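User: I would like to learn how to read a sheet and a helix pair. Please take me through one example.

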Amino acid sequence: MRIGVVSDVHGNAVALQEVLIALEDLAVDEVVCLGDVVGYGPHPGLCVDRVKAACSLTVAGNHDRAVAGPAILTRFNPVAAEALRWTAERVGDGEAAWLGSLPEEAAHHGGVLCCHGAPGAPNQYIDTPAEAAAALGRSPQPLALCGHTHVPAAMVLHPGGRGSDDWHPWPEGEPLEIRPEARVLLNPGSVGQPRDGDPRAAYAVLDLEAGAATRYRIEYDIESTQKAMARAGLPTSLIDRLANGR
Ligand code: ZN
């Protein structure tokens, strides 16, 4: 089974469209979404519809939960909270209910744990090798997928301590070997608001039979999303950051 992995779409339907077309071209069997379907971006309703239609499994991100239950808005920085209030006013009741119904984490039937922040900790940012190793250690599944940081990263641990105990390096386009007994944590990066200095939309493909994971980037019409954000009156800092991927 080949699983397309998307995360942190953040209401950017232009970027999502390019990624879904690319995953179709790669002939994946299924697509999973690691949360933050909405928030920051100008197309929340469209992104909910597209993710619902395209993904066999979606877990909740912190932005999704805030739109479904605005009481937690106080936990966000002012700019994120402003965009979330804008988002909450625009999604319909059905879309908000769907966002509120998403699980915090879920095991895909291929035996892969899908979560937003970290296994057992949906709001945790995994930034360091030590945090990644600890998260892998508490994952009930040997393969775990997470998002939330908007920075692609991988950790592969083979039995006997062999493998990469680093977290950030995961060269684009180069299949990462995953042996059957390995423990693996992968972050595909963000579709709609990358923060690793590369503004292109990020996604990944996990090939369970071949034992390989590959991450990809694809260009999208950033200006189109920025113009839609400007028309919506969303914060300028959120508009500007899309162009530099930070
Ligand atoms: Zn996010």
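This is a predicted model: local features need pLDDT of at least 70, side-chain atom pairs count only at pLDDT 80 or more; totals for chains, interfaces and linings use all residues.

Analyst: Residues are numbered from 1 along each chain as its sequence is written, and side-chain values use heavy atoms, without hydrogens and water.

User: In what order do the strands of the open sheet lie?

Analyst: Strands of a sheet pair through backbone hydrogen bonds, either parallel or antiparallel. Here two strands pair if DSSP finds at least two bridges between them; strands (E, at least two residues) and helices (H or I, at least four) are DSSP runs, numbered from the N terminus. The open sheet has six strands in the order β3-β2-β1-β11-β12-β9, with mixed pairing.

User: Which strands stand at the edges?

Analyst: β3 (57-58) and β9 (176-177) do, each with a single partner strand, so one side of each has no neighbour in the sheet. β9 pairs with β12 (residues 212-218) in the antiparallel sense over two bridges. E177 has A212 of β12 as its bridge partner.

User: How do α7 and α8 run relative to each other?

Analyst: Axes are lines fitted to C-alpha atoms, for helices over the stretch in contact (heavy atoms within 4.5 Å). Angles run from 0 to 180 degrees between N-to-C directions, and those over 145 count as roughly antiparallel. The axes of α7 (residues 222-232) and α8 (residues 236-244) come within 9 Å and cross at roughly 175 degrees; the two helices are therefore roughly antiparallel. Residues making the contact include I222 and M229 of α7 and L238 and L242 of α8.

Note on methods:
Angles under 35 degrees count as roughly parallel, over 145 as roughly antiparallel, 65 to 115 as roughly perpendicular and the rest as oblique.
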